[in-house]
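Welcome, and thanks for joining this short walk through the viewer. Please have the selection tool ready, and take the stops in order.

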Amino acid sequence: MKRLLLLAAAALALAAANAPGAATPVSDAAILGDSFPQTLGAFGFFADGAAQKPAPGVVPYRLNTPLWSDGAEKLRFLYLPPGTKALARGEGLLDLPVGAALIKTFAFPVNGKRTLIETRVLLHRASGWVALPYRWNEAQTEARLVLAGDRVTLTIQGGQVIDYAVPNKNQCKECHALSGVVTPIGPKARNLSATWLGTLQRAGKLDAVPAVAQRVPVWEEREKAPLALAARGYLEANCAHCHNPQGSASNSGLDLRWEQDDAYRYGVMKRPVAAGRGAGTFEFDVVPGEPAHSILPYRMGSTEGGIAMPELGRSVIDLAGSDIVTRWIAAMKR
Amino acid sequence: MRMPEKNIAAAGALVLAAFSTFASARTIAVAAGDGAQARLQEALIAAQPGDTVQLGAGRYMLDDGLSLDVDNVTVRGAGMEATVLDFSRQKGAGEGLLVTSDDVTLRDFAVEDAHGDGIKSKGADRIVYRRVRVTWTGGAKETNGAYGIYPVESTGVLIDGAMVRGASDAGIYVGQSRDITVRHSLAMGNVAGIEIENSRNALVTANTVTGNTGGILVFDLPGLPVMGGGNTVIEKNLVIANDTPNFAPKGNIVAGVPRGTGVMIMANDGVLIEGNTLEDNPTAQVMVVAYPKPFEDKRYNPFPRNVTVGANAVSGGGNDPQLPGAAELKGAFGGALPPVLWDGLGKPGEALSVTGSLPGLSLNLPAQGASPELARPALLKADAPVRKVDRKTVGAPAALEARIAR
């Protein structure tokens, strides 16, 4: 139901943007300029920020399997300037034009009410992509730039109090970088629904709907998907932005991208390189049939700096994610 | 041009930018005290190429990792004892300070008790670490961070006058890099003092390496993006009494380093060990071995090639070897093993040349990956000349020297 609502919202946003005479209130100057706008409002991405109602021309989307961030609810939006379109590049990243923006809001329920914590934007400027974090105020009326990041004390589901981290500008890049250049992690065609891509294409904002041989399973429907696909989809969304040959963790030699089909490269019987105490007492990233002796689930199951993976964006354990990876390893033939 | 701290408070400004005598290069002064995390991180983000981020004396209590991603920035403290970045209350991130930009100079400050690595620089070409201290203050503990000073995937690395203590892997670790100098530094109480891994053209000279499990390691490992380590010179170092029991977490490659190893070469092509003082390392003053574990990487050569042990000043050592059958071996050699220990793997006449008059022992293992239980120890005969290291290409680029001469 939620997915249908989202698709309807995407269709509406696109229709509004393409209606004759429709003007988007989004500030292309703020996206393209050299400066770092001090408030999120300066971009005009939202008709109603507190309600996360996007402005015309700003399209909501979801990923089949998302990156888990302490259980935050994530609201994702894509902005394409008038007269431009995204280009399909096979199953991978959509090629977004200069002037495009990706917007992601992180929210948690506080006293039963959705509370916006931060919104991160990725701006495609002529000089390249720029990543900026914005922190919402208590009144939920505005979000301000926090270049150096922030820590927010939050009570999450189950009553656990966490020290949620808003990343600093450099930490944005640690995940959003290929070969040291800021690059969006997504959206990739294989992790988007065909329906959403079709809507975008019919609205004239995507050149073609790319063919996808095998989509990343929808996370909420993972129990219906083959275990290996669900687990590899999770690793793709949660780990592969660093663990790929051009990513921040390239020196580890561990490649957790969806398209990697060499089992050694995605960790099977692969020894760690510079994991330090992150390796615990174990010798291999993944030992088939033996999750209790594999480094991957060990690091996913820790919250301690120097051991916990991912290094950023997680202060509690993702039990569902750990579970799927553990079961995948347990089911592997020895 | 450090700003007096009270001026900073009076101005109410948390980060002060002041123009120095060079119009293009600014000095951004940061003082210790409340909000150090945000102020210091903001300064590292706000810096422009050419700028210096000047850290005043004092203890900076930090809750998170710091990072620098701007080229050609100097981060300079008031001295490795005076300016201390204290990460004991760190909540996140994999290291204390992360550098991901080129032409950076780090000097005259300390990093203490980082939860992961101390200072990591990744893909950061032409980096200088000068008089930087990285310490875990609780002594040798498995829960200490892995690496103290950790440049990786970089071309041009100069580490000079550094001091590292307590790393649960390597104090100074240079990995998957080239054109490297590590000198005039002190590595003490780490599992590995100084480790050069999967790297080429490294010069490790005039360091003091003591009280580690292993002193200086030169490793080449399979399965990494960058392999083919070698062309490395280890000279004029004091490698003394590296006798701390191995406290590395079990899964680590250095967890296999025997306590009491002075200089250890694993695989690699072209290593010269000469002019060092090797004293009282109880397993072996110099150990040369093949990679001992199974591997699938077809690009990888597990054997040592062209390793030369030249004249070194050797005394003591070999008296408490952590090897199978140590007692019998010791007995056979009159209470202490000879200073050079080779596993016997690699081509004869290519693997190893021991010049000078150092006696040695070969374990004569039958094959790569064979258990040490299969050793057939014999006196080492390795006098065939091997290919020499190309000294002209060894070490950090001269421009990096110029940067610390200022």
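This is a predicted model: local features need pLDDT of at least 70, side-chain atom pairs count only at pLDDT 80 or more; totals for chains, interfaces and linings use all residues.

**Stop 1**

Where they meet, 22 residues of domain 1 are in contact with 23 residues of domain 2. About 2,000 Å² is buried between these two domains of chain A, and carbon and sulfur atoms give 53% of that area. Next, pick out A:Thr65, A:Trp68 and A:Arg190: they supply 29% of the area that domain 1 buries against domain 2, more than any other three residues.

**Stop 2: charges across the domain boundary**

How many salt bridges does the rule find across the interface of domain 1 and domain 2 of chain A? There are four. To look at a salt bridge here, select A:Glu220 and A:Arg62, whose closest N and O atoms are 3.1 Å apart. Between the two domains of chain A, seven residue pairs are in polar contact, with both residues at pLDDT 80 or more.

Now show the secondary structure on the domain 1 side. The elements giving two or more residues to the side that touches domain 2 are β10 (161–166), α3 (169–175) and β11 (177–178) of chain A. Of these, α3(A) brings the largest share, three residues. By class, this side of domain 1 has nine nonpolar, six polar and seven charged residues.

**Stop 3: where chain B meets chain A**

Bring chain B into view. The contact takes 44 residues from chain B and 34 residues from chain A. The area buried between the chains is about 2,900 Å², with carbon and sulfur atoms giving 48%. Four salt bridges are found across this interface. For an example, select A:Arg151 and B:Asp64, a salt bridge in which the closest N and O atoms are 2.6 Å apart.

On the side of chain B that touches chain A, the elements giving two or more residues include α2 (36–46) and β12 (147–152) of chain B. Which element gives the largest share of this side? Select α2(B), which gives four residues. By class, this side of chain B divides into 16 nonpolar, 13 polar and 15 charged residues.

**Stop 4: an aromatic pair**

Over all chains, a search of the whole structure finds 15 aromatic pairs. Select A:Tyr61 and A:Trp196, a tilted pair with 5.6 Å centre to centre and 50° between the planes. A:Tyr61 is in strand β3 (residues 58–61) and A:Trp196 in helix α4 (residues 194–202) of chain A, so the pair ties together parts that are 135 residues apart in sequence.

**Stop 5: backbone details**

Zoom in on A:Gly186 and A:Pro187, joined by a cis peptide bond with omega about 0°. A:Pro187 sits in the loop between β12 (181–182) and α4 of chain A. Then move to A:Met309 and A:Pro310, where the peptide bond is cis, with omega near -5°. A:Pro310 is in the loop between α6 (295–300) and α7 (319–331) of chain A.

Finish at B:Asn72, which has a positive phi of about 55° although it is not a glycine. You will find B:Asn72 in the loop between β5 and β6 (74–76) of chain B.

Technical notes:
Residues are numbered from 1 along each chain as its sequence is written. Chains are lettered from A and ligands numbered from 1 in the order in which they are written. Side-chain values use heavy atoms; hydrogens and water are left out. Contact means heavy atoms within 4.5 Å. Buried area is the accessible area (1.4 Å probe) that two parts lose on being put together, summed over both. A salt bridge is a side-chain nitrogen of Lys or Arg within 4 Å of a carboxyl oxygen of Asp or Glu. A polar contact is a pair of N or O atoms within 3.5 Å; within protein, one must be able to donate a hydrogen and the other to accept it, and residues adjacent in sequence count only if both atoms are side-chain atoms. Ala, Val, Leu, Ile, Met, Phe, Trp, Tyr, Cys and Pro count as nonpolar, Asp, Glu, Lys and Arg as charged, and the others, Gly among them, as polar. Rings of Phe, Tyr and Trp (its six-membered ring) pair if their centres lie within 6.5 Å; planes under 30 degrees apart count as stacked, over 60 as edge-to-face and the rest as tilted.
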